[in-house]
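Reader: I would like to go through this model with you, from its helix packing to its sheet. Please give the cut-offs as the terms come up.

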Amino acid sequence: MFDVAIVGAGISGLVCAQQLHQAGYRVVVVEKSRGLGGRVTTRRLQDTCADRGLSYIFPAGELTKSFVELLYSQNILTVWTDTVHEFKADSQLKAVKTSPLYIAPDGMSAIARFLGKNLEIQLNRRVVGLSLSNNCWHIELEDSDAEVVAKSVVVAIPAPQALMLVESLASSEALDSLRKVEFAACISVIAGYPASLALPPWQAVTVIDDDTLAWIGNDSSKRSGMRSPACALALSPVFVFHSSAKFAQNYIDTEDLQPVGQQLLNKVAKLFPEFANPDWLQCDFWRYAFPTISLADNCLNIDTPQPLICCGDWCGGFNLEDAMRSAIVAAAQINQILQLCPTIPENAFLKL
Ligand SMILES: Cc1cc2nc3c(=O)[nH]c(=O)nc-3n(C[C@H](O)[C@H](O)[C@H](O)COP(=O)(O)OP(=O)(O)OC[C@H]3O[C@@H](n4cnc5c(N)ncnc54)[C@H](O)[C@@H]3O)c2cc1C
């Protein structure tokens with residue numbers, strides 16, 4: 001019997017879990033994938049690694065700023081660049097100065113591994129149902145007779161997926177709130193090139209107003225200073241291309257993504273011919289990449305006899321900073337109901 005079961009080991013689930021764990025709660029995190037981080041994930045492939053979701057952290061607010069400072073002090077994050085180039089059709093590449101963008105030389109999933117420290121986490125376990133009996137939540141898992149039992153549940157997954165779990169439990173008002181949330185999709189392509197590729201003089205390009213392509217990142221330029229042997233062979237150039245939401249929307253039901261990745265690459269090659277012939281490419285589809293319509297509140301309390309709260313980047317915002325804020329507010333609400341400690345400091349998750 002746990003005090004809190006958290007569905008989803010993305011950044012919001014892990015921050016919420018740490019907040020409650022630091023406050024003395026017995027917490028379990030249940031995650032459907034084989035790794036931590038959700039959209040903050042690194043793919044190991046072709047003797048190297050590449051960030052296929054979040055590419056860098058831009059400290060957009062106080063939480064990400066303090067988090068970055070901590071990870072920087074522990075050599076998990078380092079500065080990647082302070083210049084992003086912009087590309088607009090019929091114009092030259094334009095260098096735009098930004099605040100520093102931070103990356104993890106070992107891959108962005110290092111951030112999630114850091115947040116997962118000292119937590120009880122069950123991987124490869126998809127939650128398929130929630131039910132209440134004897135004042136406890138019974139959390140049903142796919143392909144398993146075992147279940148997780150807890151006094152309270154935090155659902156830290158995108159709203160459309162949360163809707164499936166809470167549909168039979170929530171009021172029509174809560175369901176309406178969940179249904180209003182919308183996400184944009186994104187296709188990300190990782191492409192490996194021969195060592196002879198002439199490297200461009202930039203790390204990242206934002207493509208403005210294009211129907212197909214949104215972003216290009218020189219992923220291998222992040223790997224200097226890496227510590228993990230899994231990334232140690234990242235000597236050949238690796239680039240990551242993100243599609244526009246409009247392009248991705250066309251392929252929501254497509255099973256074979258390889259031709260789709262090739263199509264995105266063809267577009268890249270039109271703008272930058274040097275990227276036409278990779279040695280290999282890997283394509284990923286993000287059905288729920290970025291919230292486009294979010295909830296006004298920082299979390300959604302499903303008014304059930306035992307606590308059930310939804311959180312994530314779609315609660316009160318759109319980005320990583322908002323995901324963290326939402327997780328902290330959800331943890332505070334759980335604590336308000338279960339009352340194990342007077343208050344949980346906002347930065348408890350930084351006391352790792
Ligand atoms: C390509 C890409 C680029 C991005 N770039 C940026 C950026 O530059 N700046 C920025 O701020 N944000 C960016 N983001 C968004 C950022 O990554 C997210 O805002 C943030 O990671 C959201 O975290 P989360 O915990 O709310 O959700 P998620 O990361 O989606 O975590 C949810 C977790 O729940 C798990 N899960 C889902 N259903 C179940 C179930 N039934 N049972 C068990 N587990 C389940 C999932 O596997 C996942 O691990 C980007 C995202 C993508 C995809």
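Reader: Which residues in α8 do I11, S12, V15, C16, Q19 and L20 in α1 meet?

Author: This is a predicted model, in which local features need pLDDT of at least 70, side-chain atom pairs count only at pLDDT 80 or more, and totals for chains, interfaces and linings use all residues. Residues are numbered from 1 along each chain as its sequence is written. Two residues are in contact if their C-beta atoms, placed from the backbone, lie within 7 Å. The α8 residues that meet those of α1 are L320, A323, M324, S326, A327, I328, A330, A331 and I334.

Reader: At what angle do α1 and α8 pack?

Author: Helices (H or I, at least four residues) and strands (E, at least two) are DSSP runs, numbered from the N terminus. Axes are lines fitted to C-alpha atoms, for helices over the stretch in contact, and angles run from 0 to 180 degrees between N-to-C directions. The axes of α1 (residues 11-22) and α8 (residues 320-338) are 8 Å apart, and the packing angle is about 35°.

Reader: How many helices and strands does the protein chain have, and what is its radius of gyration?

Author: The protein chain has 8 helices and 17 strands. The radius of gyration is taken over C-alpha atoms, and the globule rule is 2.2 Å times the number of residues to the power 0.38. For 352 residues that rule gives 20 Å, and the chain is close to it, so it is as compact as a globular protein of that length, with a radius of gyration of 21 Å.

Reader: What is the strand order of the open sheet of 7 strands?

Author: Two strands pair if DSSP finds at least two bridges between them. The edge strands, each pairing on one side only, are β6 (94-103) and β15 (280-293). The pairing in this open sheet is mixed, and the order is β6-β5-β12-β13-β14-β11-β15.

Reader: Which residue stands opposite T78 in β6?

Author: β5 and β6 run antiparallel and are joined by 7 bridges. In their hairpin, which has 5 residues between the strands, D90 takes a positive phi near 65°. The residue of β6 opposite T78 is I103.

Reader: Which residue in β13 stands opposite T206?

Author: Strands β12 (residues 204-208) and β13 (residues 213-218) run antiparallel, with 3 bridges between them. Opposite T206 stands W215.

Reader: At what angle does helix α7 run to β11?

Author: Helix α7 (residues 258-271) lies across several strands, including β5 (78-88), β14 (238-243) and β11 (182-192). Its direction relative to β11 is at about 75°.

Reader: Is V189 buried or exposed?

Author: V189 lies in strand β11, and its contacts beyond four places in sequence are F241, G261, L264, L265, L281 and C283. A residue is buried if 20 or more other C-beta atoms lie within 10 Å of its own, exposed if 12 or fewer, and partly exposed in between, with C-beta atoms placed from the backbone. V189 has 27 such neighbours, so it counts as buried.

Reader: How many C-beta neighbours inside 10 Å does C283 have?

Author: C283 is placed in strand β15. Outside four places in sequence, its contacts are I187, V189, L257, Q258, V260 and G261. C283 counts as buried because its number of C-beta neighbours inside 10 Å is 24.

Reader: How many Å apart in space are C283 and I190, C-alpha to C-alpha?

Author: In sequence, C283 and I190 are 93 residues apart. In space, their C-alpha to C-alpha distance is 6.4 Å.
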